[in-house]
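Take a walk through this protein chain, from its overall form down to single residues. Keep the 3D view open while you read.

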Amino acid sequence: MYMASRFEVELVRILMLSKDFVSGSKIAQMLGVSRATVNRLIRELEDRGFVIESHPRLGYRIVVHNDLERVSGREIYRGFIVYRVEYIKECSSTQDIVDILAREGAPEGITVVCEKLSRGRGRLGRRWEAGEGGLWFTVLLKPPSIKSFQLLSLASGVAVAKSIKCLFNVDAKVKWPNDVLVNEKKVCGILIEARVEADKIHHIMLGIGVNVNNTLPVELQSNATTIKNIMGVEIPRTPLLKNIIREIDFAYKKLIDGNLMDIVNEWILYSSTIGKRVKAITFDEEIEGIAIGLDEDGALLIETKGKEVKRVVAGDVIHLKEQTYT
Ligand code: BTN
C-alpha cells in the first residue's frame, strides 16, 4: 500500500481540523520538525491530490470545497493505464455517461466524477442515493477477458478500504462482495457493469460511490455513514479519488498479469465478512453459516450447520451477530 508517513497523516489532521490558515512555523512546532520538512510534507500532500492554498504570511490551508472541479480535464494518475478525470455538476448516473463515452471510442481510464446523481444505480437493481458532497465516479476499463469481473469488483472494495485507512487512518473493512464498512456501517458501494459483444468484453463501467461529505437520508442512517461523520470534519475528495484510482490501477495490473491469488488474499486481509456468521441471499436460495473463505474466482465459501461448504457467486450477504469462526 502507498502508505502516508506518520507526519503526513498528522499534517492532514492539523490542516483539516483548522478552518483557517496554519502558519508553517506553527506546523513545524506541532510536528517537531524543521520548516524545510514542513515544505516537503506540503509538497507530498499535494502529490497525493490535496489542494493546498499557501499564503506567504498566513501559511497553509486545505481546500475542501470545489477541490474536484479543479482536477477536471486533467490526468489524475498514470500507472498501468492513464486516468483522466471529467467532473460534471449533475447527471442521471455516471455509469450512463461512461457508457456513452466508451461507445464514442473514449480510451480506458477515463473517469467521470459527478457532484450529484439524479438516478444513481446500486447493485441488484437498487437505487443509490447520491446527493452533493459524496464521491460518485465511474472508471472506464477495457480488460481482455470477462473472467476477471468478480475479482475486479472485490479488488475495488479493497482499493477504497485501503485508501480510507491510508489517508485518514480510519479502519475500513470490506463486506462481501465489495461494500466498504466502518464500524459495520456502509461508507461505499461498488457497481460494475459491462458491455459484452459476442462473448467478447467491449468495456467495463466500474462505478464507485463513497459517502464523504453528503447528507444521508434518515432511513439509511442506521446502516450507513459518511467519512465526515466519522472524522467530524469536511473531507477533501480529490486525494481520496486519486488514492482509490492508484490502488485500482495496481489491482488491474495484477488481474491482467494473472496474479489472482494476490487479489483474493488481500481481500481476505481487509475482510469483515470472513469468520462471521452470515446469511447469503442468492437468486434461488438463502444460505446461513460461517463465512470461511474465498475461492480463486472470488466466490464466498460458507460452511453450513451441517458442515457442508457452499459457494456463493452472486447475491447479497448479511452479517449476523458477531461470532468468530473457530
Ligand atoms: C451498491 O449498491 O452498493 C453500489 C452502489 C454504486 C454507486 C455508484 S455512484 C457512481 C456510480 N454511478 C452510479 O449510478 N452508481 C455507481
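The model is predicted. Start with the inventory. The protein chain has 8 helices and 15 strands. Its C-alpha atoms occupy a box of roughly 70 × 50 × 40 Å along the principal axes.

How does the radius of gyration fit a compact globule? For 326 residues, such a globule would come out near 20 Å. The protein chain has 20 Å, so the two agree.

Burial comes next. Of the 326 residues, 53% are buried. The accessible surface of the protein chain is about 15300 Å². Carbon and sulfur atoms account for 50% of that surface.

Now consider the contacts along the chain. Take the pairs at least 6 apart in sequence: 63% of these contacts join residues at least 24 apart.

Charge can be treated briefly. The protein chain carries 46 positive and 43 negative charges.

Turn to the interior. In soluble globular proteins, nonpolar side chains tend to be buried together. Here the largest nonpolar core has 83 residues. Which residues have the most contacts inside it? They are Leu15, Leu135, Ile208, Val210, Leu240 and Ile244. Helix 5, residues 149–168, gives the most to this core, with 11 residues. A second, separate core has 7 residues, among them Ala102, Ala106, Ile110 and Val112.

Leave aside residues up to four places away in sequence. Leu135 then touches Leu68 and Val113, as well as Ile208, Gly209, Val210 and Val212. The list for Leu135 also includes Arg237, Leu240, Leu241 and Ile244. Of these partners, Ile208, Val210, Leu240 and Ile244 are also named among the residues with the most contacts inside the largest core.

Next, a strand residue. Glu90 sits in strand 4, which spans residues 82–91. Is Glu90 buried, exposed or in between? Its relative accessible area is 49%, so Glu90 counts as partly exposed; the exposed class begins over 50%. Beyond residues up to four places away in sequence, Glu90 touches Cys114, Lys116 and Ser118. Glu90 and Gly131 are 41 residues apart in sequence, with C-alpha atoms 9.6 Å apart in space.

The backbone has some details to check. Most residues other than glycine have a negative phi, and most peptide bonds are trans. Trp176 and Pro177 are joined by a cis peptide bond, with omega about 0°. Pro177 lies in the loop between strand 7 (172–175) and strand 8 (179–182).

Asn183 is in the loop between strand 8 and strand 9 (185–197). Asn183 is not a glycine, yet its phi is positive, about 50°. With a relative accessible area of 70%, Asn183 is exposed.

Lys307 also has a positive phi, about 65°, and is not a glycine. Where is Lys307 placed? Lys307 lies in the loop between strand 13 (300–303) and strand 14 (309–312). Its relative accessibility is 60%, so Lys307 counts as exposed.

Finish with a span across the model. His55 belongs to strand 1, residues 52–55. At 29% relative accessibility, His55 is partly exposed. His55 and Asn183 are 128 residues apart along the chain, and their C-alpha atoms are separated by 38 Å.

How values were computed. Residues are numbered from 1 along each chain as its sequence is written. This is a predicted model: local features need pLDDT of at least 70, side-chain atom pairs count only at pLDDT 80 or more; totals for chains, interfaces and linings use all residues. Side-chain values use heavy atoms; hydrogens and water are left out. Helices (H or I, at least four residues) and strands (E, at least two) are DSSP runs, numbered from the N terminus. The radius of gyration is taken over C-alpha atoms; the globule rule is 2.2 Å times the number of residues to the power 0.38. Buried means under 20% relative accessible area, exposed over 50%, partly exposed in between (1.4 Å probe, protein chains only). Contact means heavy atoms within 4.5 Å. Accessible areas come from the Shrake-Rupley method with a 1.4 Å probe; for residues, only the protein chains shown count as cover. Lys and Arg count as positive and Asp and Glu as negative; His and the chain ends are not counted. The place of a charge is taken as NZ of Lys, CZ of Arg, CG of Asp or CD of Glu. A nonpolar core is a set of buried Ala, Val, Leu, Ile, Met, Phe, Trp, Tyr and Cys residues joined through side-chain atoms within 4.5 Å.
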